Amino acid sequence: MGINGNRLAYIIGNDSYQNLKTLEGAVNDACLMKKTLEDCDFTAYQFNNLPYKDFLSKVNDFKSKCMENKVCLFYYAGHGFEYEGNNYLCPIDAKKDKIQKSNINISNMVNDLSKNRDFVCIVILDCCRNIYGKVRGAFEINPIVANFKNEGGIYIAYSTASGKYAEEIDGNGVYTKLLCKHISGSSKPIEQIFKDVRKEMIEICVKKNIEKQISWEYTSLVNDFYFRESIAKEDVSSIAEKMIKEAYTYEKMVEYVKQYCSKQALKDAGKVLLNVLNTIDYYMEQGEMDK
């Protein structure tokens, strides 16, 4: 059964680095992600170009508010790296000679959140990539790698494989743009959403004859999760066809839709039923089921 309830998202985009290479698409990515998540009933907060103190404050706020919500999402676009087994995100005032004291240890945040809580925490890191020749990998150490220690309920997504860069087109990262597209246009479970993004991203790389960008995910989710708690058009058609062929009574239609919505974690069974009935009416008028 899918997770319902309050949905919280913290979104950070850092472009204007003081001591590192500046970036040109992280804030754009953050803006696009905020709009996408708000359309999926998230309460989304966006923060741009955060220095260390502000960045740490927002991370602590997020951790605190996660205790009040059933679904929490943290999205970051900017510089990031791995050092001594921990994952760090770079504030705009990060310094190369103060690796641990001027950067945000995101591993600690994820580990703190995963304490056998019955909720979903999604972490999306769009860190190491090449934008007009400027790489989202702040230091010549290592790129972001998976080394989180969690006990369930966590979904961590990376825009590209370890040690690889990511492409940017028309002011947005290919990964974030595709991810927002698939989130907006599908009611598939989270795992399938990210698989579809990876597949299309590889196709784009092949078409443009550039190095393949392969996104990665690591998950310990126990429950199903859907960004959009709505029914796909193809599912409506399938249900309508089944009801026509099996001559469902209205009462049986209502019960079937209720059970379907419960299984798929859809809130508005009445709206789904209306869509199905409208589709049945259309089929009957067109005589499509007799063909």
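These exercises, each with a worked solution, explore a predicted model.

Residues are numbered from 1 along each chain as its sequence is written. Local features need pLDDT of at least 70, and side-chain atom pairs pLDDT 80 or more, while totals for chains, interfaces and linings use all residues; side-chain values rest on heavy atoms, without hydrogens or water.

## Exercise 1: Cysteines

Find how many disulfides the structure holds, and examine Cys-40 and Cys-72.

Solution. 

Step 1. Recall the bond. A disulfide is a covalent bond between the sulfur atoms of two cysteines. The cut-off here is a pair of cysteine sulfur atoms within 2.5 Å.

Step 2. Give the count. The structure holds zero disulfides.

Step 3. Check Cys-40. The nearest cysteine sulfur belongs to Cys-180, 9.2 Å away. Cys-40 is in no disulfide. Cys-40 is buried, at 2% relative accessibility. Buried means under 20% relative accessible area, exposed means over 50%, and partly exposed lies in between (1.4 Å probe, protein chains only).

Step 4. Check Cys-72. The closest cysteine sulfur is in Cys-66, at 3.1 Å. That is too far for a bond. Cys-72 is buried too, at 0% relative accessibility.

## Exercise 2: The setting of Ser-102

Locate Ser-102, then list its polar partners and its contacts.

Solution. 

Step 1. Ser-102 sits in the loop between strand S5 (86–89) and strand S6 (104–105). Strands (E, at least two residues) and helices (H or I, at least four) are DSSP runs, numbered from the N terminus.

Step 2. Is Ser-102 buried or exposed? Its relative accessible area is 6%, so Ser-102 is buried.

Step 3. Find the polar partners. A polar atom of the Ser-102 side chain lies 2.5 Å from the backbone oxygen of Lys-98.

Step 4. Leaving out residues up to four places away in sequence, Ser-102 touches Tyr-52, Pro-91, Ala-94 and Lys-95.

## Exercise 3: The sheet

Work out the strand order of the open sheet of three strands, and name its edge strands.

Solution. 

Step 1. Read the order. It is S4-S5-S6, with antiparallel pairing. Two strands pair if DSSP finds at least two bridges between them.

Step 2. Find the edges. Strand S4 (80–83) and S6 each pair on one side only.

Step 3. Look at S5 and S6. They run antiparallel and are joined by two bridges. Tyr-88 has Asn-105 in S6 as its bridge partner.

## Exercise 4: Salt bridges

Count the salt bridges in the whole structure, then examine the pairs of Lys-63 and Lys-188.

Solution. 

Step 1. Apply the cut-off: a side-chain nitrogen of Lys or Arg within 4 Å of a carboxyl oxygen of Asp or Glu. The search finds seven.

Step 2. Take Lys-63. It bridges to Asp-112, with the closest N and O atoms 2.9 Å apart. Lys-63 lies in helix H2 (residues 52–66) and Asp-112 in helix H3 (residues 106–113), so the pair ties together parts 49 residues apart in sequence. Lys-63 is partly exposed at 22%, and Asp-112 is partly exposed at 40%.

Step 3. Take Lys-188. It meets Asp-196 in a salt bridge of 3.0 Å, N to O. Lys-188 is partly exposed at 34%, whereas Asp-196 is buried at 16%.

Notes: A polar contact is a pair of N or O atoms within 3.5 Å; within protein, one must be able to donate a hydrogen and the other to accept it, and residues adjacent in sequence count only if both atoms are side-chain atoms. Contact means heavy atoms within 4.5 Å.
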